[in-house]
Amino acid sequence: MSTFQAPKGTYDLLPPDSATYLAVREAIAAPLKKSGYGYVETPGFENVELFARGVGESTDIVTKEMYTLTTKGGDELALRPEGTASVLRAALEANLHKAGNLPVKLWYSGSYYRYERPQKGRYRHFSQVGAEAIGAEDPALDAELIILADQAYRSLGLSDFRILLNSLGDKECRPVYRDALQGFLRGLDLDEDTRRRIDINPLRVLDDKRAEVQKQLVGAPMLRDYLCDACKAYHEEVRGLLQAAGVAFEDDEKLVRGLDYYTRTTFEFVHDGLGAQSAVGGGGRYDGLSEMIGGPALPSVGWALGVDRTVLALEAEGITLDIPASTSVYAVPLGEEARRVLFGVVTELRRAGVATDFSFGGKGLKGAMKNANRSGARYAIVAGERDLAEGVVQLKDMESGEQEPVALDAIVATLQAKPA
Ligand code: ATP
Ligand code: MG
């Protein structure tokens, strides 16, 4: 073992398990790619102000969980804790919203960083695939995103998850509710940390998991009773579209998300096999965020799904993804001359599109065949001096165990014609 270990709260993705992570990322991205979302990639760090937006409402993600650093040049940067602000920043910077084709629909996949207390399903470095639809206020867009996430999870074979849905109101009705809630919360017996939260993000107190807090929240004013007519109508439309699509959801009037910029539609995907870290993904509408970061009014909606927790959800449901072996042919040379000849064949096969690997390091037949087996390759080609003298290689079907000589100059065409 080396003296270095992965930093606390992080882990490495290594074969063979890493293949599952890749497959999960691809499965989440697939429905987006087919629904008009274009790929966006932004830096792993941003100027800290992009996430810490002045005073007013704030969140644990910004105040406690963000990794910040000062560069040698004096810039204040933050490792990105989430994707939405970066993607919106990038879209605004490139004037994508002025091209006259709103909404701008983007998807992304990458690493995110939060200084959290590490535990199962909660890491300091984790991975999300996300989608943002920027610049349109249309309940069908909210519904589209929820339907596509549902489709992604189902394509992985997951079924033990639920969709929680709520509306957080807009800039008309939310402040009225916020005042009412703050008034109620200030009358409760709460610790100092939570009292501070009443000022900066009172809705988040509703989400407190502690029983002694939940007990006191009985009778708290609920946002549902404060929604303005426009928000109510919008929410009903989203609900109706989901119902028509056959996507089941649960109304959860206490659902608030960890980020401060959500308005109207908010949702979370929870998986029932994950214990405390049950949220596998979440998102919602953020109609005010563009203006918060200096852009024009651009009502938008998006989500981010956690890759790490989705993999844990697969494990919880006992699902093994059907990942085809990456290698179809494995070449085993016996001796110097065979190494040169077979290496040439391997290069030709690869150029012909056949996934091929090679036994490196001058191994004997036994060790090399063990590796051939491990590679999952359907075929092995083996050649020693005598084979070469006869102008053939031995082609072995690893499934049936059958072996036959094939002319050296026909081996590429023969293998190309075989089913992978
Ligand atoms: P939680 O309430 O569990 O802290 P969150 O509300 O902070 O989640 P979001 O910011 O909405 O999560 O991120 C979307 C998804 O990213 C989450 O549903 C989860 O699957 C994943 N995620 C968030 N934080 C972490 C983390 N520290 N480790 C692993 N996955 C995470
Ligand atoms: Mg969190």
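1. In this predicted model, E93 and R89 both belong to helix 3, which covers residues 84-93. Because they are four residues apart in that helix, about one helical turn separates them. Their side chains form a salt bridge, with an N to O distance of 2.8 Å. E93 has a relative accessible area of 59% and is therefore classed as exposed, the cut-off being over 50%.

2. A second salt bridge pairs R264 with E137, where the closest N and O atoms are 3.7 Å apart. R264 is in strand 9 (residues 263-271), while E137 is in the loop between strand 6 (125-134) and helix 4 (139-155). The pair therefore ties together parts that are 127 residues apart in sequence. R264 has a relative accessibility of 7% and so counts as buried, for which the limit is under 20%.

3. R224 and D225 also form a salt bridge, again described by its closest N and O atoms, which are 3.7 Å apart. R224 is partly exposed, at 46% relative accessibility, and D225 is exposed, at 55%. Elsewhere, K64, E192, D193 and R196 are joined into one network by salt bridges that share partners. The count of salt bridges for the model is 28.

4. Turning to the ligand, the shell around ligand 1 holds 14 residues, of which R114, E116, R122, Y123 and R257 come nearest. By residue class, the shell divides into five nonpolar, four polar and five charged residues.

5. Which elements each supply at least two residues of this shell? They are strand 6, strand 10 (279-285) and strand 11 (300-306). Strand 10 gives the most, with three residues.

6. Several polar contacts to ligand 1 can be listed by the protein atom involved. The side chain of R114 has an N or O atom 2.7 Å from an oxygen atom of ligand 1. Y123 contributes a backbone N or O atom, which lies 2.8 Å from a nitrogen atom of ligand 1. V280 has a polar backbone atom 3.1 Å from an oxygen atom of ligand 1. As for cover, ligand 1 taken alone exposes 590 Å², and the protein buries 92% of that area.

Terms used
Residues are numbered from 1 along each chain as its sequence is written. Chains are lettered from A and ligands numbered from 1 in the order in which they are written. This is a predicted model: local features need pLDDT of at least 70, side-chain atom pairs count only at pLDDT 80 or more; totals for chains, interfaces and linings use all residues. Side-chain values use heavy atoms; hydrogens and water are left out. A salt bridge is a side-chain nitrogen of Lys or Arg within 4 Å of a carboxyl oxygen of Asp or Glu. Buried means under 20% relative accessible area, exposed over 50%, partly exposed in between (1.4 Å probe, protein chains only). A residue is near a molecule or strand if one of its heavy atoms lies within 4 Å of it. A polar contact is a pair of N or O atoms within 3.5 Å; within protein, one must be able to donate a hydrogen and the other to accept it, and residues adjacent in sequence count only if both atoms are side-chain atoms. Accessible areas come from the Shrake-Rupley method with a 1.4 Å probe; for residues, only the protein chains shown count as cover. Ala, Val, Leu, Ile, Met, Phe, Trp, Tyr, Cys and Pro count as nonpolar, Asp, Glu, Lys and Arg as charged, and the others, Gly among them, as polar.
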